There are 2 protein chains.
Amino acid sequence: MNEEFSVTEKTRVKRIPKRAVYDRETINKILDEAFICHVGFVAENQPYVIPTAFARIVDRLVIHGSAASRMMRSLSKEIDVCVTVTLIDGLVLARSAFHHSMNYRSVVVFGKANIIEDEGEKYEALKAFTEHIVADRWAEVRPPSANELNATTVLSLELTEASAKIRTGNPVDDEEDYALDVWAGVLPLNLTTGKPISDDRLKNGIPIPQNILNYSRKK
Amino acid sequence: MNEEFSVTEKTRVKRIPKRAVYDRETINKILDEAFICHVGFVAENQPYVIPTAFARIVDRLVIHGSAASRMMRSLSKEIDVCVTVTLIDGLVLARSAFHHSMNYRSVVVFGKANIIEDEGEKYEALKAFTEHIVADRWAEVRPPSANELNATTVLSLELTEASAKIRTGNPVDDEEDYALDVWAGVLPLNLTTGKPISDDRLKNGIPIPQNILNYSRKK
């Protein structure tokens, strides 16, 4: 596997190129911390952007859904797709309105998705998908039946054309603005978990599993 | 202003229509809690999905950026755009792999964006934009200069074609699966703030403002 993605006309970061990252390890790390992507595609000349859960499996992204959905029907035709994954790390508060910014890590992937048709491969993809979102969940739950597998379309998008954009650290103000009596800095933002809420119909005596109690997206 | 958005072929929620919401108050509430959107557009036949900050100003969404960016250049041509806003509220852990889900609130807006050309209107839009992301910030910072205003493109998208999709509550399992010895429920997810980090070059004696210390997206 390449250490760096080749830069293409589509993936070249044009605005603020110093924020661009093309190395696979950094991109994989962002993809693995995230679990929601925004899928962009065109249907009848209209762009659509649909949020959905995803997982990285080695050098592919997988998403799934009902075969009846517009997204799955459209993407199954192997049309061009753009999948964007965004993690927001903080608000960057500068001394001037103009230099306010965000700390973030985002990945944009281009390509064409393929349906995973093979039953065994589909099952393994759904397992990896579930495990990406909640580690150690698969072994605890009832696995999909043949009917459930049939009702689910799993799409795979190869990670061949991808780039990341990252901003970290302090605001960057105009030199003369550093003298202003304005508080400046970063307000960190994190995705955190609340207390797990047991289902109303939970059987008695089933404890909340450790993987739920200790859930975190940070590795 | 209409209480409900008209449902169009584009905004009709086809998958799980019981999750669809078209009323303006609910949609506005989601838009106002969020501050990041994913903008979908087509340039040279290729869909792009770009994350960016946004604000709602009455019945419009505004985004801004450098006039040199691909997104701003493309959208300035008044092409079709799809703007999606997603809030993730929790992981829904069912007794079967198949019924795992997420609690979320998302809004999809279709339309064509317009450049705000008028200087005064642009200034007011940037002010509202800043205030949407950090309330009470505008009065504390240096406002944009004429040069900074010129370097910024502000785009406005009217909220005329929009829909929301919302899932809340417990997992919904197959009836026979409720007998399984599997923990099921919801793991709430929240966007939370960390401790504000003052800029390395902050002047002595400037306290962290209350709006930063008490920052919250919930109204």
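In this predicted model, chain B holds an open sheet of four antiparallel strands in the order S4-S5-S9-S8. S4 and strand S8 (114-115) of chain B stand at the edges with a single partner strand each, so one side of each has no neighbour in the sheet. Strands count as paired if DSSP finds at least two bridges between them. Helices (H or I, at least four residues) and strands (E, at least two) are DSSP runs, numbered from the N terminus.

Residue numbers start from 1 along each chain as its sequence is written, and chains are lettered from A, ligands numbered from 1, in the order in which they are written. In this predicted model, local features need pLDDT of at least 70 and side-chain atom pairs count only at pLDDT 80 or more, while totals for chains, interfaces and linings use all residues.

| Strands | Bridges | Opposite residues |
|---|---|---|
| S5 (60-66) and S9 (152-158) of chain B | seven | Arg60(B) and Glu158(B) |
| S11(A) and S12 (197-198) of chain B | two | Val186(A) and Ile197(B) |

Helix H3 (residues 119-133) of chain B lies across S4, S5 and S9 of chain B. H3(B) runs at about 125° to S4(B). Such angles run from 0 to 180 degrees between N-to-C directions, with axes fitted as lines to C-alpha atoms, for helices over the stretch in contact.

Helix H1 (residues 24-33) of chain B has Ile27(B), Ile30(B) and Leu31(B) buried. Buried means 20 or more other C-beta atoms within 10 Å of the residue's own, with C-beta atoms placed from the backbone. Down the axis of H1(B), the buried residues fall within an arc of 100°, so they line one face of the helix. The arc is taken from the directions from the helix axis to the C-beta atoms. These residues pack against S1, S4, S6, S7 and S10 of chain B.

Now the interface. 78 residues of chain A are in contact with 78 residues of chain B. Contact means C-beta atoms, placed from the backbone, within 7 Å. S11(A) gives the largest share of chain A's side, nine residues.

The same surface serves both copies: 100% of the contact residues of chain A recur in chain B.

How values were computed
Two residues are in contact if their C-beta atoms, placed from the backbone, lie within 7 Å. A residue is buried if 20 or more other C-beta atoms lie within 10 Å of its own, exposed if 12 or fewer, and partly exposed in between; C-beta atoms are placed from the backbone.
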